[in-house]
Amino acid sequence: QTHLDHAKDNLLHDFDLVCFLDNLPLCARAIQNAFQFSNTFEGRLFNASMMNPKPSSKFITKSRPESLDNETMARFRAVNNLDIELYDWAFSKFAH
């Protein structure tokens, strides 16, 4: 079994909840359902914070480039190809 297969098995069998930052409202509903607090005051506070997240400026670089060149992106993809494949697989399984 490959490391990628092992990671997929872990997501399928060892986690009760898998969320993606791409869809915070869906993630918020899944968390509320998992912890059964959607109709409580805490649940409403949690929902409001997930629906309107405040971006952190902690890691923002003022001189950040608008985009990366194709060669740099290709190198990132090459060294992270298993992460990208796992993310795509997990997104197709759990992001619904």
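**Exercise 1.** Leaving aside neighbours within four places in sequence, state which residues valine 18 is in contact with.

*Solution.* Contact means heavy atoms within 4.5 Å. With neighbours within four places in sequence left aside, valine 18 is in contact with Leu11 and Phe94. The model is predicted, so local features need pLDDT of at least 70, side-chain atom pairs count only at pLDDT 80 or more, and totals for chains, interfaces and linings use all residues. Residues are numbered from 1 along each chain as its sequence is written, and side-chain values use heavy atoms, with hydrogens and water left out.

**Exercise 2.** List the residues of the largest nonpolar core and name the element that gives the largest share.

*Solution.* A nonpolar core is a set of buried (under 20% relative accessible area, 1.4 Å probe, protein chains only) Ala, Val, Leu, Ile, Met, Phe, Trp, Tyr and Cys residues joined through side-chain atoms within 4.5 Å. The largest one has seven residues: Leu4, Leu11, Val18, Phe20, Leu86, Trp89 and Ala90. Two or more residues come from each of α1 and α5. The largest share, three residues, is from α5.

**Exercise 3.** Describe how helices α1 and α5 pack.

*Solution.* Helices here are DSSP runs (H or I, at least four residues), numbered from the N terminus. Helix α1 covers residues 3–14 and helix α5 residues 81–94; their axes lie 10 Å apart at an angle of about 30 degrees. Axes are lines fitted to C-alpha atoms over the stretch in contact, and angles run from 0 to 180 degrees between N-to-C directions. Angles under 35 degrees count as roughly parallel, and α1 and α5 are therefore roughly parallel to each other.

Key:
Parallel < 35°, antiparallel > 145°, perpendicular 65-115°, else oblique. Buried < 20%, exposed > 50% of the residue type's maximum accessible area, 1.4 Å probe, protein only.
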